[in-house]
Amino acid sequence: MRPHEWLARDAHARQRYAAAVPLAAALRIALTVAAPARAAMRLPWQDALAGPGARGALAVLLDSACGAAVMCALDEPRAFATLSLRMEYPASVPAGRALRARARCLHLDAEIAHVTAVARAGSTVVARARGTFALVPGREPLHRYGPRV
Amino acid sequence: MARVSEGALARARAALAGDPFAALLGIVMEEGGEDALECVLPMRAHVVGNPHLRAVHGGALAALIETAGIVLLAARGVAVARVADSTVDYLRPAVGEAFRARAQAVRLGRRVANVAVRVWSDAPERPVAAGHVNYLLRAP
């Protein structure tokens, strides 16, 4: 079973995936969709997103979503780290709405992954990201297959 | 040693206080030596991205970098209308007790500012992240 299959079929696995990252858990970020080389996440509205606060939260959401897309492109769980992240903010974030992110892994080889992601509030694109991730051989993966609940 | 003026400090504090996500992360402002302000992200459990390494989340460092630029510009009396884009390179695992961001204006124009930010934990010459941010400025 590949990571995207495991995450797609088991809601508890998706829950554990997000819960394994303390900042994602603190913001109540949820992994909502897992598919081959693709992932979607949801960040519920909270007061910390008001005004300029939304940008930082979007960086966390899109970095997390990009990481999940890398996971969903792998043959098995492996350790990886963000090498670079570029954020673009085409529109301000309307108050009161959850933010939804979709990420797609564009390239994966034995050493690096390139990922693109977009965040929307409703139908409005509020942020785009490009991320490069480095696979880290010899390091324990952050996410592992757990027992099915 | 040249100190940051009281007016500049007050403007910078107000800019930081206006960002509720910076507050959630726990970012504070400190005078970092000669005529310089630093934004500091203390290591706390909720900002961790990788609990195996106890490393700060990459998105939190991106937020720290964008915030450090806004604080620097505010200290200079320049108000940011919006952030156009930011680019962050992650240079080392972000482990340590606190992460200090020092911002430097590469170009401060009338409409656009480009700010470079370096983040380190134990020593400035060992940065954990470096970034640059393009800000659109509010007309004076």
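## A salt bridge within chain B

In this predicted model, Arg100(B) and Glu38(B) form a salt bridge, and their closest N and O atoms are 2.7 Å apart. Arg100(B) sits in strand β6 (residues 98-108) of chain B and Glu38(B) in strand β2 (residues 37-42) of chain B, so the pair ties together parts that are 62 residues apart in sequence.

How do the two partners sit, buried or exposed? Glu38(B) has a relative accessible area of 4%, so Glu38(B) is buried. Arg100(B), at 21% relative accessibility, counts as partly exposed. To see why, recall that "buried" means under 20% relative accessible area.

## Other salt bridges in chain B

Another pair to look for is Asp122(B) with Arg126(B), a salt bridge whose closest N and O atoms are 3.9 Å apart. Here Asp122(B) counts as exposed, because its relative accessibility is 61%.

Over all chains, the count comes to eight salt bridges.

## A salt bridge between the chains

Now let us turn to the place where the two chains touch. Two salt bridges are found across the interface of chain A and chain B. In one of them, Arg55(A) pairs with Glu66(B), with the closest N and O atoms 3.3 Å apart. This pair crosses between chains, from helix α4 of chain A to helix α3 (residues 58-75) of chain B. Are these two residues buried or exposed? Both Arg55(A) and Glu66(B) are buried.

## How the two chains meet

How many residues take part in the contact between the chains? On one side there are 32 residues of chain A, in contact with 33 residues of chain B. The size of an interface is often given as the accessible area lost when the parts come together. For chain A and chain B, the buried area is about 2,500 Å², and carbon and sulfur atoms give 59% of that area. Leu23(A), Arg55(A) and Tyr89(A) together supply 21% of the area that chain A buries against chain B, more than any other three residues.

Polar contacts join the chains too: between chain A and chain B there are 14 residue pairs of this kind, counting those with both residues at pLDDT 80 or more. On the side of chain A that touches chain B, the elements giving two or more residues are α3 (22-26), α4 (53-71) and β3 (80-88) of chain A. Of these, α4(A) gives the largest share, with eight residues. Sorted by type, the residues on this side of chain A are 20 nonpolar, five polar and seven charged.

## Strands side by side

Strand β3(A) is joined by five bridges to strand β5 (residues 80-90) of chain B, and the two strands run antiparallel. If you follow this pairing in the structure, you can find Leu85(A) standing opposite Val88(B) in β5(B).

## A buried threonine in chain A

For a last stop, look for Thr132(A) in strand β6 (residues 124-135) of chain A. Because its relative accessibility is 17%, Thr132(A) counts as buried. Which residues does Thr132(A) contact, leaving aside its neighbours within four places in sequence? They are Ala81(A), Thr82(A), Leu83(A), Ser84(A), Ala113(A) and His114(A).

Methods
Residues are numbered from 1 along each chain as its sequence is written. Chains are lettered from A and ligands numbered from 1 in the order in which they are written. This is a predicted model: local features need pLDDT of at least 70, side-chain atom pairs count only at pLDDT 80 or more; totals for chains, interfaces and linings use all residues. Side-chain values use heavy atoms; hydrogens and water are left out. Contact means heavy atoms within 4.5 Å. Buried area is the accessible area (1.4 Å probe) that two parts lose on being put together, summed over both. A salt bridge is a side-chain nitrogen of Lys or Arg within 4 Å of a carboxyl oxygen of Asp or Glu. A polar contact is a pair of N or O atoms within 3.5 Å; within protein, one must be able to donate a hydrogen and the other to accept it, and residues adjacent in sequence count only if both atoms are side-chain atoms. Helices (H or I, at least four residues) and strands (E, at least two) are DSSP runs, numbered from the N terminus. Ala, Val, Leu, Ile, Met, Phe, Trp, Tyr, Cys and Pro count as nonpolar, Asp, Glu, Lys and Arg as charged, and the others, Gly among them, as polar. Two strands pair if DSSP finds at least two bridges between them. Buried means under 20% relative accessible area, exposed over 50%, partly exposed in between (1.4 Å probe, protein chains only).
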